Amino acid sequence: MITILIVDEHPLMRRVIRDVLEKENDLEVVAEAMSGQDAEWQASQVRPDVVVMNRDMPDCNGFEATGRIVACSPNSRVIIFTPDFQARHIVHAIQKGALGYISKDIEPDALVHAIHCAA
């Protein structure tokens, strides 16, 4: 079973991601967070296999939060999930410890595939 932490400031987005992932037999959403600080705390508590991280959040961006999560939960794999795809952001995400960078315009099956690859 692959455990997942969803990080996005929008409740609707978290719910949609959860609904997509919970249809899979081998994926389990174990926590949600709406901010970078909350994500860091959740990751330190539940130690998820994969973190689906929004890039833009009110308290800190997804890059900062990724660095913090990798520090407190080193076995967690972070995927940045973002509304746009910019090369400079991909490099920054990887430098902060993210394993992947995908845009929100993908099909649900592609998100599931990305999580399997990350895990």
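In this predicted model, five strands form an open sheet in the order β2-β1-β3-β4-β5, and their pairing is parallel. The edge positions are taken by β2 (27–33) and β5 (100–103); each has a single partner strand, so one side of each lacks a neighbour in the sheet. On average, neighbouring strands are turned by 25° against each other, direction ignored.

Six bridges join β1 (residues 2–7) to β2 in the parallel sense. Val 7 has Ala 33 of β2 as its bridge partner.

| Helix | Residues | Strands touched or crossed | Angle |
|---|---|---|---|
| α2 | 36–46 | β1, β2 and β3 (50–54) | about 140° with β2 |

How do the two helices α2 and α3 stand to each other, and at what angle do their axes cross? The axes come within 9 Å and cross at roughly 15°. Angles under 35 degrees count as roughly parallel, so α2 is roughly parallel to α3. The crossing of α2 and α3 is right-handed.

On the α2 side, the contact involves Gly 36, Gln 37, Ala 39, Glu 40, Ala 43 and Ser 44, which meet Ala 65, Arg 68, Ile 69 and Cys 72 in α3. By type, the residues of this contact divide into five nonpolar, three polar and two charged.

Terms used. Residues are numbered from 1 along each chain as its sequence is written. This is a predicted model: local features need pLDDT of at least 70, side-chain atom pairs count only at pLDDT 80 or more; totals for chains, interfaces and linings use all residues. Side-chain values use heavy atoms; hydrogens and water are left out. Two strands pair if DSSP finds at least two bridges between them. Helices (H or I, at least four residues) and strands (E, at least two) are DSSP runs, numbered from the N terminus. Axes are lines fitted to C-alpha atoms, for helices over the stretch in contact, and angles run from 0 to 180 degrees between N-to-C directions. Contact means heavy atoms within 4.5 Å. Angles under 35 degrees count as roughly parallel, over 145 as roughly antiparallel, 65 to 115 as roughly perpendicular and the rest as oblique. A crossing is left-handed if the near helix is turned anticlockwise from the far one by less than a right angle, and right-handed if clockwise. Ala, Val, Leu, Ile, Met, Phe, Trp, Tyr, Cys and Pro count as nonpolar, Asp, Glu, Lys and Arg as charged, and the others, Gly among them, as polar.
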